[in-house]
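Dear colleague,

Please find below the structure I promised to hand over. My notes on what was found in it follow directly after.

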Amino acid sequence: MIESTSADVLLQGLLERWSQGDRDALDQLLTHLYRDIHAIAVRQLNQERHSSLRPTALVHEAYLRLAALREMRLQDRTHFLSMAARVSRQALTDEARRRRASKRDGGDPVTLSDTNLGEPDQTHDAVDVDDLLTELERFDPLAAEIVSLRVFGGLSIEEVASAKEISVATVNRRWAIGKAWLTRELTRE
Amino acid sequence: MSGAVDDSDRRATTYRLFAEALDLLGDARERFLEEHCRADAQLRAEVVALLEIAEAGRGGVETGALAGAAPQREPSQTGKIFGRFRLREQIGEGGMGVVYLAERTDGVQQLVAVKLVSTLLATAAQHRLEREVRILARLEHASVARLIDAGVEGGRAWVAIEYVRGERIDAYCAARNLSTPGIVRLLVQLSAAVSAAHALLVVHSDIKPANVLVTAEGLPKLIDFGIATALRESEPARAATVEIGRLFSPNYAALEQLSGGAITVATDVFGLGALAYRLLTGAPIYREANSPVAYLMAVNQRDVEAPSRAALAGGRGESAARALRGDLDAILCKALEREPNRRYASAADFQADLQRYLDGRPVTARAPSIRYRAVKFARRNALAVGLAGLLSVSVVAGGVTVWLQSRSTALARDMAARRGEFLESMLKSANPREGKRDITVAELLDAAARGLDEKLGAEPLVEASLLGLIADTNTELGRYPEALATSDRQLALLRREGASARDLALAMADRGDLLSRANRYDEAETTLKAAIADLRRQSGEKPALVQTLSSLAGVYANTNRNPAAETALAEAIVLDQQRTGFPQQQLAVVLGNEGRYAESATFARAALDLERKYLPADNPTVLITQSNYAMTLANLHRPAEALPLQREVADATARVLGPDHPDTLLMQAHVAEDLFDLGRFAEAATIEHHAAESLDRAVGENHRYARGVWIGYAMAACNTDDAPAGLAAAKRVADIRARILPEIDWQTATIHGVIGLCLAHLKRFAEAEPMLLQASAILEASRGANFYQTQLAYTTLRDMYAAMGRSADAAVFGGKIEKVK
């Protein structure tokens with residue numbers, strides 16, 4: 001664990017301020033979250049050189065560490081997870097690009113597994129996924145966001161619906177479309 | 001991304017066409033593609049490829065990352081002919097292959113579902129398919145999709161099954177917002193279907209929402225016996241999952257499926273339980289397990305969360321949770337036990353319990369466990385101890401019941417009559433029905449004590465007797481200072497009037513009881529010993545000596561000196577020369593407190609036989625003895641025998657004393673205890689709640705009876721939906737008790753133990769733990785480790801720690817639990 005007790009206290013304070021509507025607190029919280037998720041990702045990558053990252057597990061680990069500080073309301077949980085998914089995407093792809101560019105790390109791609117895409121044990125290049133999602137944002141921003149939440153945050157269909165305040169049926173439909181497109185592009189030779 | 005070289009407009013177009021075409025089916029889609037792709041074969045191929053991916057992936061669009069078996073992609077078989085059937089469109093995908101909607105080629109109007117074994121699995125799966133065909137051919141049930149035909153075509157096996165036009169059961173329930181009983185009724189039907197399959201030695205082993213459709217008529221249908229395994233009676237078949245790999249559905253798979261254990265009917269019980277859990281709570285079991293590995297770990301490591309709590313956590317609201325709390329919690333948790341042999345033994349048993357729930361009958365999932373039995377001892381004995389006091393005198397608003405004295409002498413009968421008249425006149429002078437509703441028994445007693453001189457001044461012995469009666473009643477009400485003051489007056493009067501040693505001794509025996517009840521055991525002992533010494537000097541006062549010795553035995557019992565109590569009672573029994581049965585009964589109580597239930601039953605039975613010889617069966621003394629005997633039977637785990645005896649007592653008491661008489665209410669509470677022992681908690685709680693409320697009205701909440709019955713109610717209620725009310729009742733009793741006797745003693749600890757029990761049932765472990773630890777420590781120190789209340793506290797602690805997953809702590813208290821003697 002990276003966090004010290006004093007950091008826990010800090011995070012708790014931020015959480016409380018956020019729950020009272022303080023947007024600055026949210027920014028700071030996301031900064032901490034970024035650092036946290038990034039650290040967990042780097043730790044995992046260093047532990048096992050070729051292991052691929054499981055974004056869902058990273059987000060949940062980050063979430064659990066915060067949830068232990070204070071019981072979040074269900075609503076807060078959904079919002080938290082959706083924000084964490086965005087932070088997770090940024091942190092993981094930043095690290096993936098850095099490694100790809102770095103000679104020291106041999107330029108090995110960082111892969112993602114357990115992503116809700118395809119088979120559970122199938123892995124995808126993190127940079128490819130990020131690039132494709134950026135492209136998808138132009139065609140179908142909603143589908144892109146849903147896919148991003150599902151892939152990088154491990155949100156369930158219901159959680160996405162709750163976070164976006166749209167119906168489960170809508171999420172299901174956009175997810176099916178976005179996922180099919182992404183799957184097609186990722187498996188293209 | 002070597003392939004991503006198309007210009008971005010073209011890619012956007014492809015995406016848009018794909019998204020639009022996805023909403024179109026059959027010819028409409030064909031026309032759409034014709035129109036928009038025309039000569040651009042590459043564009044068309046791209047869109048079709050995306051459509052195929054989307055449609056193949058649709059089955060897997062359930063929540064979370066818990067994908068099931070790998071879908072096998074293969075070229076479309078639409079239009080091809082298998083046996084008598086032409087495939088129309090793909091409608092699904094299972095672990096074994098794809099499923100098509102098909103029509104008959106011979107002109108008969110019939111739609112069927114044709115399942116094609118995927119080429120990849122062909123070798124392993126074809127054998128299983130053959131088995132499936134044999135199984136399904138024998139299986140006919142309204143709630144199972146019927147097998148129509150099967151065959152091999154071009155090297156691949158196919159099966160035609162009844163095409164079920166319906167909605168997935170989860171969507172069906174959600175769309176209709178089905179009530180809890182409505183969902184349970186569907187589950188009952190499904191369980192019957194699974195049970196019919198089990199009768200053919202067939203296990204489904206993949207029960208989940210995707211495999212259950214509900215028709216427009218509301219009939220649930222189990223489809224896809226994809227990995228059904230024929231059971232041999234002698235040797236349970238091995239899991240298909242071992243050979244095939246990941247052919248299970250994580251949210252519904254049992255531990256033995258994941259670990260490669262034997263697949264038995266218990267596997268389907270788990271599947272039915274998991275399906276029920278999903279439908280009733282809206283959440284999968286282990287909802288936080290978001291990957292197959294996390295699920296595997298969860299099933300290995302912990303029990304499912306109670307459905308009522310899962311429903312609450314899932315935002316279903318308090319009323320939905322309330323409907324689940326109690327019976328359904330118990331039924332689902334039993335079906336979802338991780339160890340197969342702890343689940344229901346069959347789907348039929350699961351079905352039967354669901355039906356009992358629907359019928360409002362007690363469910364077997366909540367049959368008494370060791371904990372309930374231990375709880376039972378505690379309560380039963382608490383009241384049995386009370387009965388010993390009741391044997392001297394019992395008074396209530398509206399009448400007087402005289403027990404022992406009434407049959408000892410003519411004088412006593414006369415006195416009893418005079419006392420009855422007096423009290424009746426007092427009651428009439430303060431008739432609650434005539435406007436003075438606020439008058440309490442306590443006020444009445446105070447008025448009576450004041451009015452004695454003027455009404456009965458000329459009859460000091462009757463006055464003394466009445467003072468004794470008032471003292472007893474005050475004692476029962478927990479008004480110890482008043483009781484002691486009245487007792488002082490009584491003794492002074494008796495001495496002044498030169499009463500006989502016998503009368504003095506009896507009064508001192510009562511005072512001894514009173515002091516004992518007020519926890520002033522030392523004074524009680526001194527008083528009773530003095531009375532006994534006086535009586536021993538008199539000859540021919542055996543009955544009085546018998547009663548006083550019995551009272552002293554009560555003090556010994558209450559101060560954890562059971563051997564001394566037994567010695568005193570042994571003397572009393574000898575002296576009694578088998579005339580009253582009273583000391584035998586006292587001895588039965590003392591032995592019961594020690595957990596020596598068989599001996600206890602022997603003495604209770606002896607007392608009953610004795611009394612029946614010279615008293616009519618509906619005499620209150622005989623009834624109480626019969627009730628005590630029934631309690632000893634219940635202590636011996638024979639509640640079914642005890643129940644009719646207690647019912648008889650309760651009915652007779654109601655007849656003799658009236659339905660609102662406190663003794664009647666107490667006897668009803670005893671009936672409730674037997675129901676409790678039989679696992680009929682809701683009935684028990686209802687009766688005890690009524691009895692306790694009535695007692696509050698009749699004798700006031702301070703009365704020992706009322707406190708005892710409220711505690712009984714708390715114990716029963718904590719096993720039902722009303723656990724919070726049970727907790728409130730127990731807390732109230734604790735408050736009352738603290739007001740009457742502020743010191744902390746074993747009785748307080750007992751009440752705290754019950755509060756802890758209620759908290760544990762409510763899963764408020766953090767509050768329950770200190771309560772139970774303190775209670776067990778006090779009980780252990782004051783009454784010893786083997787005392788039944790101490791044992792109760794240990795049992796509750798053990799079960800609570802087990803529930804919390806703190807197995808080391810559970811083992812500590814498990815080790816302290818004595819085998820029932």
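In chain A, taking contacts (heavy atoms within 4.5 Å) between residues at least 6 apart in sequence, 63% join residues at least 24 apart. This is a predicted model, in which local features need pLDDT of at least 70 and side-chain atom pairs count only at pLDDT 80 or more, whereas totals for chains, interfaces and linings use all residues. Residues are numbered from 1 along each chain as its sequence is written, chains are lettered from A and ligands numbered from 1 in the order in which they are written, and side-chain values use heavy atoms, with hydrogens and water left out.

Chain A has eight helices and two strands, where helices (H or I, at least four residues) and strands (E, at least two) are DSSP runs numbered from the N terminus. Read from the N terminus, the order of these elements is α-α-α-α-β-β-α-α-α-α. Of its 189 residues, 55% are buried, meaning under 20% relative accessible area with a 1.4 Å probe and protein chains only.

Two helix pairs in chain A share helix α8(A). The axes of α5(A) (residues 126–139) and α8(A) (residues 168–187) come within 11 Å and cross at roughly 135°, the axes being lines fitted to C-alpha atoms over the stretch in contact, with angles from 0 to 180 degrees between N-to-C directions. That angle makes α5(A) oblique to α8(A), since under 35 degrees counts as roughly parallel, over 145 as roughly antiparallel, 65 to 115 as roughly perpendicular and the rest as oblique. Among the residues that make this contact are L132(A) and F139(A) of α5(A) and W181(A) and L186(A) of α8(A).

The axes of α7(A) (residues 157–164) and α8(A) come within 9 Å and cross at roughly 115°, which makes α7(A) roughly perpendicular to α8(A). Here I157(A), E158(A), V160(A) and A161(A) of α7(A) meet V168(A), V171(A), N172(A) and W175(A) of α8(A).

Chain B contains 36 helices and 13 strands, and 55% of its 821 residues are buried.

How values were computed:
Buried < 20%, exposed > 50% of the residue type's maximum accessible area, 1.4 Å probe, protein only.
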